Amino acid sequence: MRVPLIAGNWKMYKTLAEAVAFARALKEAAAGFKGVEAAVCPPFAALAAVAGELKGSSVAVGAQDVFWEAEGAYTGEISPAMLVDAGCSYVIAGHSERRQYFQETDENVNRKVKAALLHGLVPIICVGELLQEREAGITEKVVQSQTGAALAGLKPEQVAGLVIAYEPVWAIGTGRTATEADAQQVIAFIRTLVRDSFGDVAAYGVRIQYGGSVKPENAAGLMSQPDIDGALVGGASLKVDSFAGIIKACG
Ligand code: PEP
């Protein structure tokens, strides 16, 4: 059975002190939850301190991005080994904000996924359509192309262990959540794509999250859908109460 993963993407929020205080409070708030996994993805500057604070707790740490090279003259970048060294076990790849503002391509997402896996990090691969793409009726085409490119060249057993986040871009930070039925439909479609290319074991094992304006009030309904294996949460992951409320709703 797949264990749902609730991952908080803090984006470019929280100072070091704020991040550590949050981790301390979350550790306590999330202590009793069962049947659900939780992770936070702070900015790079706070990764090691948050990982130190959460050590031995049930909450894992992830990064928001990674570069694919092991080391070198790549000013501003961070390697997979550096993330592992800082205490990360997850890394987000291909978030729509990186695609929109930093020219992240499908090809580079694939490079990042491969590099992350090589170093033992679990990638959380983001895919999702723009509003105009949904309105044009090409959601499945977009998601198929992003998923296919991100997973190109992977082995079925690698795919079985990773996380895909279906995040319709129009739902991110807008308060406009996909309906449970729409989220389930696209996520089931992604699982079928995985099955067609990588087989039953990969399709059964891969965790596919929903992301886009998830809150404590809508989390349980979304998570009750058979193919939705957790959530990638932005805004509501910035407050301990709301993030813990989402974890609780999914356990
Ligand atoms: C996100 O940034 O991945 C996200 C889903 O944000 P929000 O929850 O704020 O919509």
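**Strand pairing around β2**

Val-59 in β3 is the bridge partner of Ala-38, and β2 and β3 pair in the parallel sense over 3 bridges, where two strands count as paired if DSSP finds at least two bridges between them. The chain passes from β2 through α2 to β3 in a β-α-β crossover that is right-handed, a term used when, with the strands pointing away from the viewer, the path from the first strand over the helix to the second runs clockwise.

Strand β1 (residues 5-9) runs parallel to β2 and is joined to it by 5 bridges, with Gly-8 standing opposite Val-40 in β2. A right-handed β-α-β unit is also made by β1, α1 and β2. Of the 5 residues of β2, 4 are buried, that is, under 20% relative accessible area with a 1.4 Å probe and protein chains only.

**Helix α2 and its covered side**

In helix α2 (residues 47-54), the buried residues are Leu-47, Val-50, Ala-51, Glu-53 and Leu-54. They lie on the same side of α2 because they cover an arc of only 160° around the axis, the arc being that of the directions from the helix axis to the C-beta atoms. Their cover includes α1 (16-29), β2 (37-41), β3 (59-63) and α3 (80-85). Just after α2, Gly-56 takes a positive phi of about 80°.

**Basis of the description**

This is a predicted model, in which local features need pLDDT of at least 70 and side-chain atom pairs count only at pLDDT 80 or more, while totals for chains, interfaces and linings use all residues. Residues are numbered from 1 along each chain as its sequence is written, and side-chain values use heavy atoms, with hydrogens and water left out. Helices (H or I, at least four residues) and strands (E, at least two) are DSSP runs, numbered from the N terminus.

Key:
Buried < 20%, exposed > 50% of the residue type's maximum accessible area, 1.4 Å probe, protein only. Contact = heavy atoms within 4.5 Å.
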